[in-house]
Amino acid sequence: MLDFLPEPMREPTVLAIPFFAVLLLLETYAAAKLEREDGDGRPPKGSYERRDARTSILMGLVSIGTSAFWKFVALFGYSALFAYVAPWHLPVDAWYTWVIGFVALDFLFYWEHRIAHRVRLVWATHQAHHSSEYFNFATALRQKWNNSMGIIMWAPLPLLGFPPAVVFAVYSLNLVYQFWIHTERIDKMWKPFEFVMNTPSHHRVHHGSDPEYLDRNYGGTFIVWDRLFGSFQPELDRPHYGLTKPVETYNIWTLQTHEYVNIARDVREAPSLRAKLGYVFGPPGWAPAPEKVSS
């Protein structure tokens, strides 16, 4: 169906760029016409800030290239697993390969996402996506550049006989789905849909820096994983968005790398091997317990 396109343009996220652009323009127009101050000192619902949006879009453009690099690296390992280790090979042209593959990848995405919020070294790869204090379609494009953890987490799929092309395609479709849930313009939706699927309401919670919203709603396409594994939180009030410790910059390189720098500093200054390992593999914000002073 897509044979008329050059090979690099058959990637679902690339094909979705016009769709992303149209929604961005519509939401920007709505923000200009509808935004109102809430009186709490925060940005109005669904609003855009020019420098913040530009930063998000630039991160997204760079991520197209970095994602292609990581997929190229993964292709060698996935191909070897699929060809020499997988006990069977699922047909690439069968509908059930794609349906099962999509659901299986979303399940693995849930766990990769949860690890990214609970292991500081992996959080360093992901935190840039949470660095905006705005929640809009531009924020959806504020993507990480280091996909190494995802590449590791998807490895069971080629091992179970899913062709590497299917793995890469369903991951891209998963990302395309997640674009539209980055908005404050859509309120809560039909209850059965909200029960199964990830929605703007659920994902607003995930981007919230409020204590009741931290480390919740990790699902990509399906929210049922959070309901099953105890990480679900309904939206109660409008969240405060962004990191608990704002980075205060629009420099895309700094936003992507500052947490690695912080980890290196903490490891260098750590008083023991246990503390060094804790700063790397403990949750974000971890610190060793203060030593007891003997009387």
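Biologist: Which residues are linked in a network of salt bridges?
Modeller: In this predicted model, the network is made up of R120, E259, R265 and D266.

Biologist: How do you know that D266 forms a salt bridge with R120?
Modeller: The closest N and O atoms of the two residues are 2.9 Å apart. The criterion asks for a side-chain nitrogen of Lys or Arg within 4 Å of a carboxyl oxygen of Asp or Glu, so the pair qualifies.

Biologist: How many residues apart in sequence are the parts that this pair ties together?
Modeller: D266 belongs to helix α13 (residues 252–269) and R120 to helix α5, so the contact joins parts 146 residues apart in sequence.

Biologist: Are D266 and R120 buried or exposed?
Modeller: Buried means under 20% relative accessible area. D266 has 14% and is therefore buried. R120, at 8%, is buried as well.

Biologist: Why is the contact of R204 and E235 called a salt bridge?
Modeller: Their N-to-O distance is 2.8 Å, and the limit is 4 Å. R204 lies in helix α11 and E235 in the loop between α12 and α13, so this pair ties together parts that are 31 residues apart in sequence. R204 is buried, with a relative accessible area of 4%; E235 is buried too, at 11%. By the same rule, the count for the structure comes to nine salt bridges.

Biologist: How many aromatic pairs does a search of the whole structure find?
Modeller: The search finds 19 aromatic pairs. One of them is F69 with W70, whose ring centres lie 5.4 Å apart and whose planes stand at 70°. Planes over 60 degrees apart count as edge-to-face, so this pair is edge-to-face. F69, at 46% relative accessibility, is partly exposed, and W70, at 22%, is partly exposed also.

Biologist: Why is the pair of F135 and Y241 called stacked?
Modeller: The centres are 5.1 Å apart and the angle between the planes is 15°; the limits are 6.5 Å for pairing and under 30 degrees for stacking, so the term applies. F135 lies in the loop between α5 and α6 (137–140) and Y241 in the loop between α12 and α13, so the pair ties together parts 106 residues apart in sequence. F135 is buried at 1% relative accessible area, as is Y241 at 8%.

Biologist: Which residues do ring pairs link into a cluster?
Modeller: The cluster holds F107, Y110, W111, Y218, W225 and F229.

Biologist: Where does R227 lie in relation to F232?
Modeller: R227 lies over the face of the F232 ring, 4.0 Å from the ring centre. The distance limit for such a placement is 6 Å.

Biologist: How do you know that the span of helix α4 agrees with the value for its length?
Modeller: Helix α4 (residues 95–118) has 24 residues, and at 1.5 Å a residue the span should be 34 Å. The end C-alpha atoms are 35 Å apart, which agrees. In α9, 16 residues reach 23 Å, close to the expected 22 Å.

Biologist: What makes α9 mostly covered?
Modeller: Of its 16 residues, 13 are buried.

Biologist: Which elements do the buried residues of α4 pack against?
Modeller: They pack against α5 (120–126), α7 (148–153), α8 (156–159), α9 (164–179), α11 (200–207) and α12 (224–229). The buried residues of α4 include T97, F102, L105 and F109. Beyond its neighbours within four places in sequence, L105 is in contact with W154, L157, V167, V170, Y171 and N174.

Biologist: Which residues have the most contacts inside the largest nonpolar core?
Modeller: They are Y78, L105, W154, L157 and V167, in a core of 28 residues. Helices α3 (50–85), α4, α7 and α9 each supply at least two residues of this core. A second, separate core has 13 residues, among them A31, F137, A138 and L141.

Note on methods: Residues are numbered from 1 along each chain as its sequence is written. This is a predicted model: local features need pLDDT of at least 70, side-chain atom pairs count only at pLDDT 80 or more; totals for chains, interfaces and linings use all residues. Side-chain values use heavy atoms; hydrogens and water are left out. Helices (H or I, at least four residues) and strands (E, at least two) are DSSP runs, numbered from the N terminus. The expected span of a helix is 1.5 Å times one less than its number of residues. Buried means under 20% relative accessible area, exposed over 50%, partly exposed in between (1.4 Å probe, protein chains only). Contact means heavy atoms within 4.5 Å. Rings of Phe, Tyr and Trp (its six-membered ring) pair if their centres lie within 6.5 Å; planes under 30 degrees apart count as stacked, over 60 as edge-to-face and the rest as tilted. A charge sits over a ring if NZ of Lys or CZ of Arg is within 6 Å of the ring centre and within 35 degrees of the ring normal. A nonpolar core is a set of buried Ala, Val, Leu, Ile, Met, Phe, Trp, Tyr and Cys residues joined through side-chain atoms within 4.5 Å.
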